[in-house]
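Okay, thanks everyone, I'll keep this short.

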Amino acid sequence: MTAPESRLRIRKQDQVTIVEFVDRNILDEGNIAQIGEEIGAIVNEDPSPKLLISFANVDHLSSAALGALITINSKIKGKDGQLRLADINDQIIEVFRITRLDRLFQIQPTAREALASFA
Amino acid sequence: MGNPQHESTGVSDPPNAVVVSISHERTAIEQICQSIESAMSRHGHGEAARFATRLAWEEAISNAIHHGNKNRADGRIEIAWHVDATRIFIRITDEGAGFDPTAIIDPTLDENLECPSGRGLLLMRAYMTRVEIPEPGNTVRLVLEKPQP
């Protein structure tokens, strides 16, 4: 059985793993579960993960996607790691504000600013 | 007599609503959403309305599949929808026993922020003009009215 095609583009820069989404819409629950597993594996492999998730290509996301992000955030906190979110468009940033998750996550306007914010 | 914990002001399906019953297959869900979005474009609803409707639609469908139909492979969802120049109407009914919308925790409280679920209804209410969940709680009616100029 072949592994499903990755929903992520992943690269590393200055000890930080940068993750971007392949899909413009993060709505399908099967895809969200796969994304959660893929990012979870990255976090599990690193003893002190520094992770930047860029939403540069994302037009829509659902509360299930927010739930996956919360689970990832908890995993990273549990390992004394750091998570930054960046490149979130105005419509999606409003979703973070309505849910008050802008208080839970460290959100930076751009990936460049997010990279500079890691301790 | 109605249960005051449920929310209904008696919005019923418009007489010319499209009514369909679908499985949980993503393709079928996507086809209906695209039909609604096309109708919205034809009737002059803008990008913000399409974003709002798409978000509320996804949350309502997800609730119907997971909480209503308990992910049953043979589960069905009934959808009624209608779009005109003034509003978007969507009704989604699952086969479950229903739920009490007032029993849902407030996910915006500090102590609940790290809970990974429970934000669907909050988002529907934030983006729609009206969200109704009549008894027994296995139907959600979403209405988005176009702002008056």
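Let's start in helix 3 of chain A, residues 90–98. Glu94(A) and Arg97(A) make a salt bridge there, at 3.7 Å from N to O. By salt bridge I mean a side-chain nitrogen of Lys or Arg within 4 Å of a carboxyl oxygen of Asp or Glu. The two residues sit 3 apart in that helix, about one turn. Helices here are DSSP runs of H or I with at least four residues, strands are runs of E with at least two, and both are numbered from the N terminus. Glu94(A) is partly exposed at 34% relative accessible area, and Arg97(A) is partly exposed too, at 46%. The cut-offs: buried is under 20%, exposed is over 50%, partly exposed is in between, with a 1.4 Å probe and protein chains only.

Quick housekeeping before I go on. This is a predicted model, where local features need pLDDT of at least 70 and side-chain atom pairs count only at pLDDT 80 or more, while totals for chains, interfaces and linings use all residues. Residues are numbered from 1 along each chain as its sequence is written, chains are lettered from A and ligands numbered from 1 in the order in which they are written, and side-chain values use heavy atoms, with hydrogens and water left out.

On accessibility, Asp59(A) is partly exposed at 28%, and Arg24(A) is partly exposed at 46%.

Next, Asp28(A) and Arg26(B), a salt bridge at 3.8 Å, N to O. Asp28(A) lies in the loop between strand 3 and helix 1 (29–45) of chain A, and Arg26(B) lies in helix 1 (residues 26–42) of chain B, so this pair joins two chains. Arg26(B) is partly exposed, at 25% relative accessibility. What else is in that network of salt bridges? Asp28(A) and Arg26(B) are linked in it with Glu30(B), Glu37(B), Arg54(B) and Glu58(B).

Now the helix packing. In chain A, the axes of helix 1 and helix 2 (residues 63–78) come within 10 Å and cross at roughly 10°. Residues in the contact include Ile32(A) and Ile39(A) from helix 1, and Ala68(A) and Ile72(A) from helix 2; contact means heavy atoms within 4.5 Å.

Last bit, the backbone. Most residues other than glycine have a negative phi, and most peptide bonds are trans. Asp14(A), in the loop between strand 1 (8–13) and strand 2 of chain A, has a positive phi near 50°, and is exposed at 63%. Asp87(A) has a positive phi of about 60° and is partly exposed at 22%. And over in chain B, the peptide bond from Glu135(B) to Pro136(B) is cis, with omega near 5°.

Definitions and conventions. Axes are lines fitted to C-alpha atoms, for helices over the stretch in contact, and angles run from 0 to 180 degrees between N-to-C directions.
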